[in-house]
Amino acid sequence: MPSLTMLAIGLLAAAAISFAVVVIRFNRKRRAIVRAAAAATESQLEAIYTLVEGSSTLPAAGHVLARTNRRSTAPGCIIPIPEELPGFPWAGRRIEVAVAKEVEYRFIEPAPGAPSLLGKVVRPVRVPRYRTGRAGTTRNAFAPEKYLAACPELRAALAEVSPAYPTELLAYLLCIGGETFEFEPINQARIGTSAAWVQSPEHQNCGECGKRMALILQLPGTAISRKHLHEGTFYLFGCAQHPEQTSSVAQFG
Ligand SMILES: [Zn+2]
């Protein structure tokens, strides 16, 4: 009869092997999705993002920056704030994000061009808003599963790029901060909407009127810096009534 020690060693070995199998499967799946996304044509990605936006007819309160396969020659990180956001006084302006010891945000003169982060063009996708259970209330929806539930055609457009993993592909496309297919809100780059916090929320209040500020930008560190800040997510807030009042926050995992 095997001793208890032998039994424990056997169980541990079995657990280690099954864990290794899970990791290998995860990495294989991740590589398949990254490859599929990199091989997608511009029109395939455009079709996907148009369907996400079209999954709601309610006016959007902001954008999420999604992957494209286009390169940019613009240096650093430049994010034009789309014109179309109602009640968003920074609409139409451009924000340059400079990463030195800290992350700095500079509002610069507007000029045409797509947002670009470290040589990659990203596509602002309007975040769909859906009605909640309570009458008259609507909410930003960020999760890929919600878009697929609201828009059946979306699955076919995704399956054209990745037949095996359509939902996971969408998570990868919409979370530019992580090289993974798991939907992680802190890996999203957002304009407007609301912050996904790494730690507990640090809401900012206006220095002039005391009201809670709105989210202007959320940026995962990996999207704005090749070396530093990889563990962090960076936020810029501002007061809609006093647009010159802004406040930045960094949180680390
Ligand atoms: Zn204010």
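What spacing do the donors of the zinc ion follow along the chain? They follow C-x2-C-x29-C-x2-H. This is a predicted model, where local features need pLDDT of at least 70, side-chain atom pairs count only at pLDDT 80 or more, and totals for chains, interfaces and linings use all residues. Residues are numbered from 1 along each chain as its sequence is written, and side-chain values use heavy atoms, without hydrogens and water.

**View 1. The zinc site.** C206 (SG), C209 (SG), C239 (SG) and H242 (ND1) coordinate the zinc ion at 2.1 to 2.4 Å. Donors are N, O and S atoms within 2.8 Å of the metal (3.2 Å for Na, K and Ca); water is not among the atoms, so sites may look incomplete. The arrangement is tetrahedral because the four donor atoms subtend angles of 105 to 114°; for four donors, the term requires all angles between 85 and 135 degrees. C239 is buried, at 1% relative accessible area. H242 is partly exposed, at 23%. Buried means under 20% relative accessible area, exposed over 50%, partly exposed in between (1.4 Å probe, protein chains only).

**View 2. Strand β11.** Seven of the seven residues of β11 (residues 232-238) are buried, so the strand is largely enclosed by the rest of the structure. Strands (E, at least two residues) and helices (H or I, at least four) are DSSP runs, numbered from the N terminus. G232, F234, L236 and G238 lie on one side, and T233, Y235 and F237 on the other.

**View 3. The partners of β11.** Strand β10 (residues 214-220) runs antiparallel to β11, joined by six bridges. L219 has F234 as its bridge partner. Strands pair if DSSP finds at least two bridges between them. β12 (residues 246-252) pairs with β11 over seven bridges, also antiparallel.

Conventions:
Four donors count as tetrahedral if all angles lie between 85 and 135 degrees; four count as square planar and six as octahedral if opposite donors are over 155 degrees apart and all others between 65 and 115; anything else is irregular.
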